[in-house]
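Reader: I have a model to look at and I am new to this. Can you walk me through how to read it?

Author: Gladly. Let us take a few features in turn.

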Amino acid sequence: MRDPACNKQLYVSPAYEKIWGRSCEQLYKNPESWPETLVSEDRISDPTQKRIEEHKLQGTDTECEYRYRIKHPDGRILWIKDTSFPIYDDTNQFIGFAGIAEDVTKDALHEQELQEARAKAEAANKAKSDFLAMMSHELRTPLNAILGMAQIFQIKGVPKEFEECVSVIKHAGNNLLSLVNDILDFAKLEVGTLSFSNQPFDLYLLISQVISSFSHQVKTKRLNLQFNFSDNTPRVFLGDSKRIRQILVNLISNAIKFTDQGNVTLDVVCLEKSIDKVLIHVLVSDTGIGISSDKLQYIFEKFSQIDSIYHRKHEGTGLGLAISRELVEKMGGSINVCSEVGKGSQFSFTLPLSIPSVNYEKLFSAHESPFENEIEKQNYSLHVLLVEDNYINQKIATIMLEEAGCKVTIASSGEEALNKLNHEKYDLIFMDIGLPDMSGFDVVELIRKREHLKKTPIVAITAHILERDRQHCFAAGMDMIITKPISHKELLSVLSYWSEHRELANLAT
């Protein structure tokens with residue numbers, strides 16, 4: 001306890017000697033000797049005066065708390081929590097300051113350990129995320145060659161005896177791509193970076209398109225794939241259609257994989273409905289091999305497999321159902337399974353979805369077909385600058401673009417691209433991200449600084465597919481993104497879009 005001016009020590013507890021390792025008498029003689037015990041990093045020029053000013057600033061009735069470290073004579077470093085407050089006599093006259101100092105070393109060290117552990121976890125997550133991005137890129141680059149060439153063979157046509165060979169290559173490539181995507185999503189969930197959108201979508205149309213995408217597989221296995229959508233279920237919702245599609249694809253592909261004869265059926269019903277909310281229930285049932293009761297409790301675990309690793313009949317990593325459960329639960333729903341060996345399985349999930357306040361029915365009515373729209377082959381007559389340093393990727397993109405009627409100029413570096421843009425006009429630029437001399441982001445930023453190129457459409461064509469990469473692309477000034485492996489259908493869709501825009505611009509001019 002000190003006088004109002006804080007110049008005189010009126011009282012000090014004997015506990016001071018135990019904590020500080022110094023005598024109370026020394027403090028009485030020299031009240032300003034205690035700052036000498038502070039660790040140098042925690043010292044300030046005049047701690048006592050600072051406290052007085054703080055009390056004046058916050059009000060004389062306010063407690064002020066400080067944390068600092070002191071050096072004990074035996075060499076230990078102790079953490080002190082020091083709380084000071086004003087005191088008054090019986091007539092409510094201010095007579096000085098009192099304080100309580102506590103040794104909180106144990107708590108402080110525990111807190112420091114937690115902070116260090118958190119920092120290490122964040123660093124590990126970042127390292128995992130960086131490694132994930134690198135591996136995704138490195139795997140997608142050769143996949144682009146495999147799937148790209150398979151698509152080119154199908155576009156150009158091959159002798160009949162080789163058609164099945166091309167189909168096998170494409171099927172194997174797509175399986176590997178699916179595996180890469182599963183591992184990527186799994187890792188995103190692990191580090192908490194998986195994002196969800198909230199956009200209007202037509203659930204009936206979405207499911208119809210998913211069902212149609214399995215038509216070849218069910219035809220090959222001679223299965224019946226049925227789809228029932230109850231009359232009381234609305235069609236248009238707000239949500240993440242991409243993630244819902246992913247869940248449906250996982251459940252249906254599993255059902256087809258483990259069913260050799262009979263049926264795979266998808267039923268959608270509305271369980272609850274209010275003005276703006278709906279609880280939907282989706283059931284995927286099959287007449288397949290079923291799952292034994294001892295494995296049901298693990299079926300949604302990561303890397304869980306029905307088959308023994310040494311007696312594998314069915315492909316897969318065991319990530320699909322684990323990812324589906326994570327996605328459903330992160331969207332506020334739940335997922336369940338019922339099964340009996342030899343009689344089939346029923347996977348179901350419930351999902352709360354919002355009904356948009358705006359009527360989007362007309363928006364989706366133009367796309368009533370359950371099949372994905374096919375882009376008719378035509379000559380787009382666009383002059384395209386392809387900025388890509390990998391020879392195989394150059395070859396694949398060039399063949400696809402030339403087959404669509406485009407004139408293609410190749411630039412293998414950022415500097416080469418900028419030089420070519422000085423001498424020639426292009427209708428469309430396809431930009432790789434990882435170039436040998438500078439990043440594609442930097443190239444695009446330099447392009448956008450040129451007045452006559454501000455509106456030239458630029459499409460990223462990249463194996464970098466993380467959300468941060470997408471955001472970086474748009475922030476740099478790109479208009480669209482195509483991910484590798486390049487899809488011929490997606491490429492045609494991009495050409496069709498910008499060709500139409502060019503025609504409209506010419507008409508306006």
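Author: Start with contacts. Contact means heavy atoms within 4.5 Å. And keep in mind that this is a predicted model.

Reader: Which residues does arginine 22 touch, leaving out those up to four places away in sequence?

Author: Arginine 22 touches Tyr16, Glu17, Ser33, Glu36 and Thr37. Arginine 22 itself is found in the loop between α1 and α2 (24-29).

Reader: Is arginine 22 buried or exposed?

Author: The cut-off for buried is under 20% relative accessible area. Arginine 22 has 19% relative accessibility, so arginine 22 counts as buried.

Reader: Where is leucine 418, and what does leucine 418 touch?

Author: Leucine 418 is found in helix α13, residues 414-423. Leaving out residues up to four places away in sequence, leucine 418 touches Met438, Val443, Leu446, Ile447 and Arg450. Leucine 418 has 10% relative accessibility and therefore counts as buried.

Reader: How many residues apart in sequence are leucine 418 and valine 387, and how many Å apart in space?

Author: They are 31 residues apart in sequence. In space, C-alpha to C-alpha, leucine 418 and valine 387 are 9.9 Å apart.

Reader: Now the surface. Which residues form a nonpolar patch there?

Author: Leu10, Tyr11 and Tyr28 form that patch. Together they have about 290 Å² of accessible area. Take leucine 10, which is found in the segment before α1 (15-20). Leucine 10 counts as partly exposed because its relative accessibility is 39%.

Reader: What about strands? How do I read those?

Author: In a regular strand, side chains alternate between the two faces of the sheet. Now look at β14 (residues 458-462) and β15 (residues 480-483), which run parallel and are joined by four bridges. Alanine 460 stands opposite isoleucine 481 in β15.

Reader: Which helix makes a β-α-β unit with β14 and β15?

Author: Helix α15, residues 467-476. The β-α-β unit is right-handed.

Reader: And the whole chain?

Author: The chain has 16 helices and 15 strands. Of its 509 residues, 42% are buried. Consider contacts between residues at least 6 apart in sequence: 64% of them join residues at least 24 apart. The accessible surface comes to about 28,100 Å², and 53% of that surface belongs to carbon and sulfur atoms.

Note on methods:
Residues are numbered from 1 along each chain as its sequence is written. This is a predicted model: local features need pLDDT of at least 70, side-chain atom pairs count only at pLDDT 80 or more; totals for chains, interfaces and linings use all residues. Side-chain values use heavy atoms; hydrogens and water are left out. Patches are made of residues with over 30% relative accessible area and no salt bridge: like charges are joined within 9 Å, nonpolar side chains (Val, Leu, Ile, Met, Phe, Trp, Tyr) within 5 Å. Accessible areas come from the Shrake-Rupley method with a 1.4 Å probe; for residues, only the protein chains shown count as cover. A salt bridge is a side-chain nitrogen of Lys or Arg within 4 Å of a carboxyl oxygen of Asp or Glu. Helices (H or I, at least four residues) and strands (E, at least two) are DSSP runs, numbered from the N terminus. Buried means under 20% relative accessible area, exposed over 50%, partly exposed in between (1.4 Å probe, protein chains only). Two strands pair if DSSP finds at least two bridges between them. A crossover is right-handed if, with the strands pointing away from the viewer, the path from the first strand over the helix to the second runs clockwise.
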